[in-house]
Amino acid sequence: MQDQSVTIQTLERLTTEALSALESAADSKALESWHSAYLGRRGSVTQMLRRVGELPKEERPAFGRRANEIKVELEAAYEAQAGVIRAAEMEKTLAEGAIDVTLPGRPVARGRLHPSTQILRRIYQIWADMGFQIYRSRDVETDEYNFQLLNFPPHHPAREMQDTFYTTDEDVLLRTHTSPGQIRAMREAVAKNPDNPPPIRIALPGMCFRSEQITARSEVQFNQVEGLAVGIDITFADLKGTLVDFARRMFGQNARTRFRASYFPFTEPSAEMDVECFVCGGEGCSVCKQSGWLEILGCGMVHPIVLQNGGYDPRRYTGYAFGMGLERQLMLRYKIDDIRYFWGNDARFLEQF
Ligand code: DAH
């Protein structure tokens, strides 16, 4: 600021100058430099007010009063101008960044669970409600666990049913069923308490693999859910009651079931359970091949040799086991006529579930 004497007149002149300078401050940057030029610590108005002491004593009160008024006035003018500038700048950015809200949105592709996962989760829920734990076992097995310990000796004809993917290591294979998990679960329980192994109640889900020619009816992989209960005094009545209860929870309270004698090396006696065809209600249709019944699982009392191989003394313990295939159930339920859809990854198929 040029050297000016301190008088009310110079103060007024300075004020007029400040106000007109403010009017020409067009953006927030100019506004800020205006503020520091006049009202900042080194601003000319501020400096002028500091020099009140240079006035004769009697003029000081009037000068001070006017000076305070002016400060308030200038601050108010500054705020008003700041408001105008902010609004203008906002308008400008809005105009620059304008989007066309009439453009249609891009749809988000929503995923969903694979039908096998959906039915698996339902089955877990049912078995969990019935007091079974979910037990996971490995997909890659040894011949010993997949067959021998389950009472399939080498070259036993029952192996014929389960065309197997062997690896270059002669003993290592992809499990052909979830049953080897029975042995693993039993051995794990026995390891925890060898003298008095605890009772077992597990549901054992997972992918199984068979070296099949792929056709509408057979795939090289599919899901099974195995079940195993081992304990004292478990009888065939427990097996039947439990599986009938499962069928009612799965297929509805009125679901009728029947058991047919069957053969598996790892159970004795063995059976297969059918449910009344849920498509035709038992009258006979193409899904049940006019029989009125659908086979859904194999089951039986755990063979004493298998209990023994698991580490449970067959003189003290008994147990039952069952195994069901999932994709087959889904095919029956939804009348899916080709099993290859399950792993074909065709969205048109998957989106229907
Ligand atoms: N593992 C048999 C299969 O894949 C199914 C099965 C039958 C499992 C009877 C069982 C059972 O636990 O008791 O063909």
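Throughout these legends, buried means under 20% relative accessible area, exposed means over 50%, and partly exposed lies in between, with a 1.4 Å probe and protein chains only. This is a predicted model, in which local features need pLDDT of at least 70 and side-chain atom pairs count only at pLDDT 80 or more, while totals for chains, interfaces and linings use all residues. Residues are numbered from 1 along each chain as its sequence is written, and side-chain values use heavy atoms, with hydrogens and water left out.

**View 1. Thr10 in helix H1.** Let's start with Thr10, which sits in helix H1 (residues 8–23); helices (H or I, at least four residues) and strands (E, at least two) are DSSP runs, numbered from the N terminus. Thr10 counts as buried because its relative accessibility is 5%. Its side chain reaches the backbone oxygen of Thr7 at 2.8 Å. Such a polar contact is a pair of N or O atoms within 3.5 Å; within protein, one must be able to donate a hydrogen and the other to accept it, and residues adjacent in sequence count only if both atoms are side-chain atoms.

View 2. Of the 16 residues around the ligand, the ones that come nearest are His177, Ser179, Arg210, Gln224 and Glu226; a residue is near a molecule or strand if one of its heavy atoms lies within 4 Å of it. Ser179 places a polar side-chain atom 2.9 Å from a ligand nitrogen atom. Backbone atoms take part too: an N or O atom of Ala321 lies 3.2 Å from an oxygen atom of the ligand, and a backbone N or O atom of Phe322 lies 3.2 Å from a ligand oxygen atom. Taken alone the ligand exposes 360 Å², of which the protein buries 91%; accessible areas come from the Shrake-Rupley method with a 1.4 Å probe, and for residues only the protein chains shown count as cover. Strands E5 (221–231), E8 (293–302) and E9 (318–325) are the elements that give two or more residues to this shell. By class, the shell holds five nonpolar, nine polar and two charged residues. Here Ala, Val, Leu, Ile, Met, Phe, Trp, Tyr, Cys and Pro count as nonpolar, Asp, Glu, Lys and Arg as charged, and the others, Gly among them, as polar.

**View 3. Two loop residues with positive phi.** Asp233 is not a glycine, yet has a positive phi of about 65°. Its place is the loop between E5 and helix H8 (236–251), and Asp233 counts as exposed at 64% relative accessibility. Asn345, also not a glycine, has a positive phi of about 60°. You will find Asn345 in the loop between helix H10 (326–334) and helix H11 (347–350), where it counts as exposed at 64% relative accessibility.

**View 4. A cis peptide bond at Pro269.** The bond from Glu268 to Pro269 is cis, with omega near -5°. Pro269 belongs to strand E7 (residues 267–276).

**View 5. Gly64 and Leu49.** Gly64 lies in helix H4 (residues 60–96) and is partly exposed, with a relative accessible area of 25%. In sequence Gly64 and Leu49 are 15 residues apart, and in space they are 7.7 Å apart, C-alpha to C-alpha.
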